Amino acid sequence: MVLCLKVPKKAAEEIRKLLLQFDLLNTTFRIKSQEDWLLIPLSREIQETEKAEIESLGVAIKTLPCGLLEKIRTRPNSHLEILEKHVSKEEFSLLPRSFDTIGDIAIVEIPESMWDKRELIAKAFLDAYANIKSVFAKTGKVNGITRIRPVSFIAGENKTKTIHKEYGLRFAIDITKAYFSPRLSEEHTRIASLVQPGEIVVDLFCGIGPFALPIAKRVAATVHAIDINPEAIELLKENLRLNKLLGKVIPYAGDCRDVVEKKQLLGVADRVIMNLPGYAISFLDVACKTLKKEGGVIHFFEFVGGEGSPEEKIVEDVTREILKNHRSVLKVLNVRKVRMSAPRQWQMVADVLVK
Ligand SMILES: C[S@@+](CC[C@H](N)C(=O)[O-])C[C@H]1O[C@@H](n2cnc3c(N)ncnc32)[C@H](O)[C@@H]1O
């Protein structure tokens with residue numbers, strides 16, 4: 001049973017402030033209105049000195065046990081806090097700690113041994129996080145030419161399209177139709193921040209536009225954005241409309257190797273973005289042909305694993321392949337680990353100035 005203070009509505013605000021000051025206000029219950037009175041929940045009994053101060057506001061103190069007050073529903077802090085009570089210790093240790101959020105969709109990795117508990121797990125996500133409306137489980141690795149991850153719907157709203165916000169931009173994304181990773185958000189803005197006014201940028205593997213849009217928003221540059229997945233290009237166009245950036249990015253659906261030839265993008269670029277780790281190395285010839293004769297910057301993404309320094313390995317690989325294409329690396333501007341992509345494997349990026 002909670003104690004509460006019955007106060008006239010007229011004096012309620014002043015009293016509430018005083019109760020807050022004394023740490024007497026119980027914020028886990030709702031204040032209740034009863035005609036001209038309010039019932040204010042208390043966290044403990046009022047002491048004599050506190051009583052005197054409250055009464056100096058011209059109100060007689062009336063504390064009552066109050067079963068009428070409604071408890072304010074508080075959300076648990078995490079899915080783990082909920083699931084702790086419903087699974088064994090061993091199962092608890094297997095539960096996903098991290099997950100991806102794309103808009104209001106959570107994408108969760110559920111261990112095979114816990115697949116029969118997937119609905120319980122998904123429900124914990126819905127209950128713990130107010131921003132999550134749908135939960136999907138990963139059912140395989142990002143694969144194929146379009147790099148889409150297979151997923152399976154588990155709970156909440158059965159929809160695959162959402163709006164994801166990243167650094168003030170809104171992205172329409174369908175998780176079953178095109179690649180997108182919220183884990184690259186820092187990389188998207190980092191590269192956009194490097195682009196200078198007047199530059200011509202070619203994004204060879206643009207997806208739904210997470211590099212192209214922040215560039216177009218930040219600076220007066222021309223961005224040619226290519227993707228082999230027509231659904232990604234449709235979403236890119238929708239995103240340009242959503243963010244009022246139509247005309248600032250030129251979208252092309254097709255294989256970048258053909259597009260740069262057919263659309264006269266040879267020798268035009270000050271900067272080429274190559275976010276197709278795993279395969280980007282086999283497109284360095286395209287990037288070299290796309291760069292201006294006098295040179296420019298290539299942002300080269302790759303997965304690097306195994307022994308040795310991943311920083312040294314990516315620089316060696318990109319330098320060697322660029323040389324094969326009759327160009328050379330003038331300077332390595334930056335090399336960094338973007339994220340861990342598998343055990344002992346990193347997604348790396350190297351920004352190289354090419355002549
Ligand atoms: C890893 S995703 C990156 C997408 C986007 N840059 C991003 O960061 O979200 C790679 C993209 O390259 C596209 N792709 C694969 N092969 C391609 C090719 N030969 N030409 C153009 N795009 C290609 C895929 O459809 C996919 O959207």
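Which exposed residues does helix 11 carry on the face turned away from its buried side? Keep that in mind for a moment, everyone. A word of caution before we look: this is a predicted model.

Here is the reply. On the face turned away from its buried side, helix 11 carries Glu312, Arg320 and Lys324, and these are exposed. The buried residues of this helix are Pro310, Ile314, Val318, Glu321 and Ile322. Looking down the axis of helix 11, you find those buried residues within an arc of 100 degrees, so they line one face of the helix.

As for its length, helix 11 runs over residues 310-324, and its 15 residues reach 21 Å from first C-alpha to last, close to the 21 Å expected. After the helix comes His326, with a positive phi near 60 degrees.

Let me step back to the whole chain. The domain assignment gives domain 1 (2-66), domain 2 (79-159) and domain 3 (180-354). Taken over C-alpha atoms, the centres of domain 1 and domain 2 are 44 Å apart.

Now to the ligand. How many residues surround the ligand? There are 21, and the closest are Phe205, Gly207, Ile228, Asn229 and Cys256. Sorted by class, this shell has 14 nonpolar, 4 polar and 3 charged residues. Domain 2 and domain 3 each supply at least three residues to the shell.

Next, please find helix 8, residues 230-242. Buried in helix 8 are Ala232, Ile233, Leu235, Leu236, Asn239 and Leu240. These cover an arc of only 160 degrees around the axis, which puts them on the same side of helix 8. They pack against strand 10 (169-174), helix 7, strand 12 (222-227) and strand 13 (249-253). Following helix 8 is Lys244, where phi is positive, near 55 degrees.

Is Ala216 buried or exposed? Ala216 is buried, because 25 other C-beta atoms lie within 10 Å, and 20 or more is the cut-off for that word. Leaving out residues up to four places away in sequence, Ala216 touches Val223, Leu245, Lys248 and Val249.

Helix 6, residues 185-194, also has a buried side. Its buried residues are Glu187, His188, Ile191 and Ala192. They cover an arc of only 130 degrees around the axis, which puts them on the same side of helix 6. Among the elements covering them are strand 9 (161-166), helix 7 (212-218) and strand 14 (271-274).

Tyr167 sits in the loop between strand 9 and strand 10, and has a positive phi of about 45 degrees although it is not a glycine. Tyr167 is partly exposed, with 14 other C-beta atoms within 10 Å. Arg344 belongs to the loop between strand 16 and strand 17. Its phi is positive too, near 60 degrees, and again this is a residue other than glycine. Arg344 is exposed, with 11 other C-beta atoms within 10 Å.

Notes. Residues are numbered from 1 along each chain as its sequence is written. This is a predicted model: local features need pLDDT of at least 70, side-chain atom pairs count only at pLDDT 80 or more; totals for chains, interfaces and linings use all residues. A residue is near a molecule or strand if its C-beta atom, placed from the backbone, lies within 6 Å of it. Ala, Val, Leu, Ile, Met, Phe, Trp, Tyr, Cys and Pro count as nonpolar, Asp, Glu, Lys and Arg as charged, and the others, Gly among them, as polar. Domain bounds come from an automatic or database domain assignment. Helices (H or I, at least four residues) and strands (E, at least two) are DSSP runs, numbered from the N terminus. The expected span of a helix is 1.5 Å times one less than its number of residues. A residue is buried if 20 or more other C-beta atoms lie within 10 Å of its own, exposed if 12 or fewer, and partly exposed in between; C-beta atoms are placed from the backbone. The arc is that of the directions from the helix axis to the C-beta atoms. Two residues are in contact if their C-beta atoms, placed from the backbone, lie within 7 Å.
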